[in-house]
Amino acid sequence: MIRLQIIMEMEGFEGTDWAQGLDMAVTICDCEGKILYMNQRSRETFAKHGDIIGHSLFDYHPEHAAAKIREMLANGTSNSYTIEKNGQKKIIHQTPWRRNGEVAGLVEFSIVLPAEMPHYVRSAK
């Protein structure tokens with residue numbers, strides 16, 4: 001835990017305690033793909049890999065996904081998609097975080113979706 005605290009302080013993530021209690025996985029990497037932060041839900045999701053904070057997320061993604069990550073880091077774009085794994089449907093949203101206006105890495109939110117959920121179309125007023 002001390003290593004995580006040191007990495008977070010070095011990278012400016014000392015204020016990420018808000019993410020610990022979220023009912024979703026939150027993973028943060030730097031612009032080189034080094035994993036800087038994982039909240040508890042993220043650590044549980046990726047527990048089979050052990051403690052991967054400080055590792056390159058490219059080690060855990062196939063080449064097509066790694067190419068998409070490199071594209072997001074280079075262009076400052078976001079990516080969203082849904083998956084189903086072990087009977088759970090999830091939405092994954094990956095978006096850049098910035099330091100002084102420059103892309104400094106990515107944040108990934110992984111949210112379990114209910115089997116059925118309403119969809120609302122709202123008109124602008």
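Both faces of strand 1 are covered, since Ala25, Thr27 and Cys29 on one side and Val26, Ile28 and Asp30 on the other are all buried, where buried means under 20% relative accessible area, exposed over 50%, and partly exposed in between (1.4 Å probe, protein chains only). In a regular strand the side chains alternate between the two faces of the sheet. With 6 of its 6 residues buried, strand 1 is therefore largely enclosed by the rest of the structure. Helices (H or I, at least four residues) and strands (E, at least two) are DSSP runs, numbered from the N terminus.

This is a predicted model, in which local features need pLDDT of at least 70 and side-chain atom pairs count only at pLDDT 80 or more, while totals for chains, interfaces and linings use all residues. Residues are numbered from 1 along each chain as its sequence is written, and side-chain values use heavy atoms, with hydrogens and water left out.

Strand 1 (25-30) runs antiparallel to strand 5, to which 6 bridges join it, and two strands are said to pair if DSSP finds at least two bridges between them. Within this pairing, Asp30 stands opposite Gly105 in strand 5. Strand 1 is also joined to strand 2 by 3 bridges, again in an antiparallel arrangement, and the bridge partner of Cys29 in strand 2 is Ile35. Strands 1 and 2 form a hairpin with 4 residues between them, and Gly33 in the turn has a positive phi of about 90°.

Thr27, found in strand 1, is buried with a relative accessible area of 12%. Its side chain is joined to that of Ser42 by a polar contact of 2.6 Å, a polar contact being a pair of N or O atoms within 3.5 Å; within protein, one must be able to donate a hydrogen and the other to accept it, and residues adjacent in sequence count only if both atoms are side-chain atoms.

What does a search of the whole structure find in the way of disulfides? The search finds 0 disulfides, a disulfide being a pair of cysteine sulfur atoms within 2.5 Å. Cys29 is in no disulfide, and the nearest cysteine sulfur, that of Cys31, is 8.5 Å away. Cys29 is buried, with a relative accessible area of 2%, whereas Cys31 is partly exposed, at 39%.

The largest pocket holds about 830 Å³ of space. On a 1 Å grid over the protein atoms alone, a pocket is an open set of points where a 1.4 Å probe fits, with protein on both sides within 12 Å along at least five of seven lines, and lining residues have an atom within 4 Å of a point; a volume is the space filled by probe spheres set on the points, which are joined across faces, edges and corners. Of the 32 residues that line the largest pocket, Phe46, Tyr60, His61, Tyr81 and Glu108 are the closest to its centre. Helix 3 gives the largest share of this lining, 5 residues, and strands 1, 2, 3, 4 and 5 are among the elements that each supply at least two.

Two loop residues complete the picture. Asn86, in the loop between strand 3 (79-85) and strand 4 (88-99), has a positive phi of about 50° although it is not a glycine, and Asn86 is exposed, with a relative accessible area of 78%. Asn100, in the loop between strand 4 and strand 5 (102-113), has a positive phi near 55° and is exposed at 76%.
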